[in-house]
Amino acid sequence: MELYTDEYFMREALKEAVKAFDIGEVPVGAVVVCNNRIIGRAHNQTEKLTDATAHAEMLAITAAANHLGSKYLDECTLYVTLEPCVMCAGALHWTQLQKLVYGASDIQRGYSLVSSPLLHPRTEVVKGIKADESKKLINDFFKRIRN
């Protein structure tokens with residue numbers, strides 16, 4: 001039985017999403033993994049940083065690039081609880097990400113809504129890992145702010 005599975009690392013991304021939820025941010029979490037080691041982790045901080053680009057993916061990419069000393073993540077996997085938006089998918093393209101794993105699809109703002117391919121052609125995509133948990137966290141967040 002393999003210890004470091006997509007489910008294992010998605011649980012780590014979900015821990016980041018809970019941190020976002022707890023501080024009133026849209027609960028999205030991300031981790032970047034290289035050789036079965038987390039080298040970047042983040043959660044949404046757009047409100048805290050007053051920065052529309054402070055998405056979990058963008059912050060995790062920056063942390064991973066700093067760790068590696070390289071702008072390329074071509075030997076890395078990004079685990080994120082929600083399908084990346086167009087901005088984040090564009091950033092992932094430029095990093096030449098090896099693999100993207102996401103939980104819930106984003107039917108309003110996800111990159112897959114755009115007809116042109118946004119990710120790097122070599123990026124492998126796996127979707128639906130821990131999707132129910134990711135979706136529940138998002139739904140609970142929006143229920144909370146509407147009440």
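Select Glu-12 to begin: at 11% relative accessibility, this residue counts as buried, where buried means under 20% relative accessible area, exposed over 50%, and partly exposed in between (1.4 Å probe, protein chains only). The model is a predicted one, in which local features need pLDDT of at least 70 and side-chain atom pairs count only at pLDDT 80 or more, while totals for chains, interfaces and linings use all residues. Residues are numbered from 1 along each chain as its sequence is written, and side-chain values use heavy atoms, with hydrogens and water left out.

Helices (H or I, at least four residues) and strands (E, at least two) are DSSP runs, numbered from the N terminus. In contrast to buried Glu-12, Lys-15 is partly exposed, at a relative accessible area of 47%.

Asp-140 is partly exposed, with a relative accessible area of 25%. Returning to the opening residues, select Glu-12, Lys-15, Glu-16, Lys-19 and Arg-41 together: salt bridges that share partners join them into one network.

A further pair to display is Glu-133 and Lys-130, whose side chains meet in a salt bridge (3.6 Å, N to O). Glu-133 is partly exposed at 40% relative accessible area, and Lys-130 is partly exposed at 22%. The structure holds seven salt bridges.

Remain in helix α5 for Asp-132, which counts as exposed at 60% relative accessibility. A distance drawn from its C-alpha atom to that of Ala-104, 28 residues away along the chain, reads 7.1 Å.

Select Glu-57 in helix α3 (residues 56-68).

**The largest pocket**

Rolling a probe the size of a water molecule over the atoms shows where empty space is left. About 660 Å³ of space lies in the largest pocket. Of the 26 residues that line this pocket, those closest to its centre are Val-26, Leu-82, Asp-106, Ile-138 and Phe-142. On a 1 Å grid over the protein atoms alone, a pocket is an open set of points where a 1.4 Å probe fits, with protein on both sides within 12 Å along at least five of seven lines; lining residues have an atom within 4 Å of a point. Grid points are joined across faces, edges and corners, and the volume is the space filled by probe spheres set on the points.

Colour the lining by element: α2 (46-49) and α5 (131-146) are those that give two or more residues, and α5 supplies the largest share, seven residues. Coloured by residue class, the lining divides into ten nonpolar, seven polar and nine charged residues. Here Ala, Val, Leu, Ile, Met, Phe, Trp, Tyr, Cys and Pro count as nonpolar, Asp, Glu, Lys and Arg as charged, and the others, Gly among them, as polar.

**Loop residues**

Select His-120 in the loop between β4 (99-104) and β5 (124-127). This histidine is buried at 13% relative accessible area, and touches His-93 and Gln-96, leaving aside residues up to four places away in sequence.

Finish with two backbone angles. Most residues other than glycine have a negative phi. Asn-35, in the loop between β1 and β2 (37-43), has a positive phi of about 55° although it is not a glycine, and is exposed at 69% relative accessibility. Thr-50, in the loop between α2 and α3, also has a positive phi, near 50°, and is exposed with a relative accessible area of 74%.

Methods. A salt bridge is a side-chain nitrogen of Lys or Arg within 4 Å of a carboxyl oxygen of Asp or Glu. Contact means heavy atoms within 4.5 Å.
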